[in-house]
Amino acid sequence: MARSARVCAWAALGLALALAGCSSGPRSPAPAPAPAAAPSTAPASLPSKSEAPKPVDTAKTGLPPPGPVRSHDELRKQAALRLVAANPHMTYMGQVPAVLLAIPVLEVELRHDGHIKRINILRRPGQAPDTLQLAIDAVHRAAPFGNVSRMPEPWKFSETFLFNDNRHFKPRTLD
């Protein structure tokens, strides 16, 4: 019972953050509500592509090794920077357009070494549902996210992906 309450609390927090990001002033109006199924009490969960962490060849990915993080703010900032660095072909860093194509929100749960344990979907886009998979793939390319063992649990961060019409995204953390 305590675990399900904790999952619901995290889901509510993620949804509140996503909604706060969607209504941040006149520059990005809220997307039209899409017909949706009945809301679930827990976020959808996708297993990571591999359960066992694989060593990262930084020469192959071109990413520097991630630094250790000691707070949730550090983790979220480092993760957003790694998302952009690992996905230069599908990111933008300029001003967010007034109308966005899609806004998926993911919660990434990590192992102590920064590898992905699980990805929870906190918000599915009503339009351009393919952007959800684009965001998940981008997270996998950016992993690992740094040793989190010195950080208090839970070892999670959420990210809102602001997709433009070209299906390029900007992490909301960097906006």
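**Exercise 1. The partners of S2**

Identify the strands with which S2 pairs, and state the sense and the number of bridges in each case.

*Solution.* 
Step 1. S2 is joined to strand S3 (residues 116-123) by six bridges, and these two strands run antiparallel. Within this pairing, Leu 110 has Ile 116 of S3 as its bridge partner.
Step 2. S2 also pairs with strand S4 (residues 156-163), again in the antiparallel sense, over five bridges. Here Val 105 has Thr 160 of S4 as its bridge partner.

**Exercise 2. Salt bridges**

State how many salt bridges the structure holds, and describe the accessibility of the partners in the bridge between Lys 117 and Glu 109.

*Solution.* 
Step 1. The structure contains five salt bridges.
Step 2. In one of them, the side chains of Lys 117 and Glu 109 meet at 3.8 Å, N to O. The cut-off for a salt bridge is 4 Å, so this pair qualifies.
Step 3. Glu 109 has a relative accessibility of 13% and therefore counts as buried. Lys 117 has a relative accessible area of 36%, so it is partly exposed.
Step 4. A second case involves Asp 175, whose side chain meets that of Lys 170 in a salt bridge of 3.4 Å, N to O. Lys 170 is buried at 5% relative accessibility, while Asp 175 is partly exposed at 37%.
Step 5. Asp 175 also forms a salt bridge with Arg 172, where the closest N and O atoms are 3.6 Å apart. Elsewhere, salt bridges that share partners link Glu 109, Lys 117 and Arg 118 into one network.

**Exercise 3. Aromatic pairs**

Classify the ring pair of Phe 145 and Phe 157 and the ring pair of Phe 163 and Phe 169 by their geometry.

*Solution.* 
Step 1. A pair of aromatic rings is described by the distance of the centres and the angle of the planes. The structure holds three aromatic pairs.
Step 2. The ring centres of Phe 145 and Phe 157 are 5.2 Å apart and the planes stand at 65°; the pair is therefore edge-to-face. Phe 145 lies in the loop between helix H4 (130-142) and S4, and Phe 157 lies in strand S4, so the pair ties together parts that are twelve residues apart in sequence. Both Phe 145 and Phe 157 are buried.
Step 3. For Phe 163 and Phe 169, the ring centres are 5.7 Å apart and the planes are at 55°, so this pair is tilted. Phe 163 is buried at 0% relative accessibility, and Phe 169 is buried at 0% as well.
Step 4. Phe 161, Phe 163 and Phe 169 together form one aromatic cluster.

**Exercise 4. The chain as a whole**

Describe the order of helices and strands in the protein chain, and report the confidence of the prediction.

*Solution.* 
Step 1. The protein chain has four helices and five strands. Along the sequence they follow the pattern α-β-α-α-β-β-α-β-β.
Step 2. Of the 175 residues, 42% count as buried. The chain exposes about 9,600 Å², of which carbon and sulfur atoms supply 59%.
Step 3. Among contacts with a separation of 6 or more, 74% come from residues 24 or more positions apart.
Step 4. The mean pLDDT of the chain is 77, and 65% of its residues reach 70 or more. Over residues 1-43 the pLDDT stays under 50, and the model has 35 contacts beyond four places in sequence for this stretch. Residues 45-60 also have a pLDDT below 50, with 24 contacts beyond near neighbours in sequence.

Definitions and conventions:
Residues numbered from 1 in each chain as written. Predicted model: local features only at pLDDT ≥ 70, side-chain atom pairs only at ≥ 80, totals over all residues. Heavy atoms only, no water. Pairing = 2+ DSSP bridges. Buried < 20%, exposed > 50% of the residue type's maximum accessible area, 1.4 Å probe, protein only. Phe/Tyr/Trp six-rings, centres within 6.5 Å; stacked < 30°, edge-to-face > 60°. Contact = heavy atoms within 4.5 Å. Areas by Shrake-Rupley, 256 points an atom, 1.4 Å probe, with all protein chains shown as cover. pLDDT = per-residue confidence, 0-100.
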